[in-house]
Amino acid sequence: MGYSDQRFNVNLSILFTELPLLERPAAAAKAGFGAVELWWPWVDAPTPEQSELDALKKAIEDAGVQLVGLNFYAGQLPGPDRGALSVPGEESEKFRANLAVAADFAKSLGCTALNALYGNRVDGVDPAVQDELALENLVLAAREADRVGAILLIEALNKPESPLCPIVSAPKAIEIVDKVNAATGLGNAKFLMDLYHLSMNGEDLPSVIEQYAAKTGHVQIADNPGRGAPGTGSLPLEGLLDQLKKAGYEGWVGLEYKPGDRPSAEAFGWLPKA
């Protein structure tokens, strides 16, 4: 067991960001990784030009890495936004416009996990109205994911860093997962278990794993405090990943941490050399 027994992939929206987007897949491959994930790369364009999509697809294919996770359009990320699907008006419309684009891009690269970030509460808007809109959009997203043979991921963020996001605990994310599955009958909505976010919320991580491993479709890690590489904080990540494995989780573990004051290629010293 331990780190050597896990399937790690690199998040190219937080690591290797010192490089242009199209150079990051090759950099990940050079660092020894065979798989990558991405936030939606075009924060101002839910429907980018086909040439931009094709260029990124080619960069991923030429690097010989597998795309294993992709976010739907989520607004300014990184930045003030935490998703778009529960935000009435233009942002919700952008999310819907992005659904088929993101799903088709994922399908073209064999990616089978699409993440839909919920979004912030909006001043002057009834939370119940936002939640109704969110469920409508998540149902659409689940159906779009199902069309391309993918699962829909629903992620809990953390309250200290995302005070306006209502999905800031594992139980709340699981509640949304269950609502979406009940509404669609597809069963393809899954929990994205980000151990950094959950630890920032003060949640009991072994208990979260015990309760929700079976509903988990993807895992992401960073150490806490600091959101750095494993070993830079105090989270027992190796033991937690062992527990996940024993609980039956066989999926990818996304490295979604900050490299610190060094090139990203130097931020993997914690990994077993093999």
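1. Glutamate 155. In this predicted model, glutamate 155 touches Asn115, Leu117, Ile167, Ala173, Leu192, Asp194, His197, Gln220 and Glu256, when residues up to four places away in sequence are not counted. Glutamate 155 is placed in strand β5, which covers residues 151–155. Its relative accessibility is 7%, so glutamate 155 counts as buried, the cut-off being under 20%.

2. The annotated active site. An unreviewed UniProt entry places the feature "active site" at Glu155 and Glu256. These positions span 102 residues in sequence, yet no two of their C-alpha atoms are more than 13.2 Å apart, so they gather at one spot. The contact list of glutamate 155 includes Glu256 itself.

3. The largest cavity. How many cavities of 30 Å³ or more does a search of the whole structure find? The search returns two. The largest has a volume of about 60 Å³. It is lined by 13 residues, of which Glu37, Gly69, Leu70, Asn71 and Gln220 are the closest to its centre. Two or more lining residues come from each of β2 (35–38), β3 (66–71), β4 (113–115) and β7. Strand β3 supplies the largest share, three residues. By class, the lining has six nonpolar, six polar and one charged residues. Gln220, one of the residues closest to the centre of this cavity, is also among the contacts of glutamate 155.

4. The second largest cavity. This cavity has a volume of about 30 Å³. Its lining is formed by Trp40, Val43, Phe72, Ala74, Gly75 and Leu77. Five of these residues are nonpolar, one is polar and none is charged.

5. Asparagine 98. This residue is located in helix α3. Is asparagine 98 buried or exposed? Its relative accessible area is 0%, and it is therefore buried. Leaving aside neighbours within four places in sequence, asparagine 98 is in contact with Trp40, Pro46, Phe72 and Tyr73. Trp40 and Phe72 also belong to the lining of the second largest cavity.

6. Serine 92. Helix α3, residues 90–108, also holds serine 92. With a relative accessibility of 5%, serine 92 counts as buried. Apart from residues up to four places away in sequence, serine 92 touches Ala84, Leu85, Val87, Leu133 and Asn137. Serine 92 and asparagine 137 are 45 residues apart along the chain, and their C-alpha atoms are separated by 7.9 Å.

7. Helix α7. Within this helix, residues 205–212, the buried residues are Leu205, Val208, Ile209 and Tyr212. Viewed down the axis of α7, its buried residues fall within an arc of 95°, so they line one face of the helix. Glu210 and Gln211, on the other side of α7, are exposed. Which elements do the buried residues of α7 pack against? Their partners are the helices α5 (170–184), α6 (195–200) and α8 (237–246), together with the strands β6 (189–194) and β7 (216–221). Strand β7 also gives two or more residues to the lining of the largest cavity.

Terms used. Residues numbered from 1 in each chain as written. Predicted model: local features only at pLDDT ≥ 70, side-chain atom pairs only at ≥ 80, totals over all residues. Heavy atoms only, no water. Buried < 20%, exposed > 50% of the residue type's maximum accessible area, 1.4 Å probe, protein only. Helix = DSSP H or I, 4+ residues; strand = E, 2+ residues; numbered from the N terminus. Arc of directions from axis to C-beta. Contact = heavy atoms within 4.5 Å. 1 Å grid on protein atoms, 1.4 Å probe; cavity = no way out; pocket = protein on both sides within 12 Å on 5 of 7 lines; lining within 4 Å. Points joined across faces, edges and corners; volume = space filled by probe spheres on them. Nonpolar A, V, L, I, M, F, W, Y, C, P; charged D, E, K, R; others polar. UniProt positions renumbered as here; feature names shortened; annotations may be inferred.
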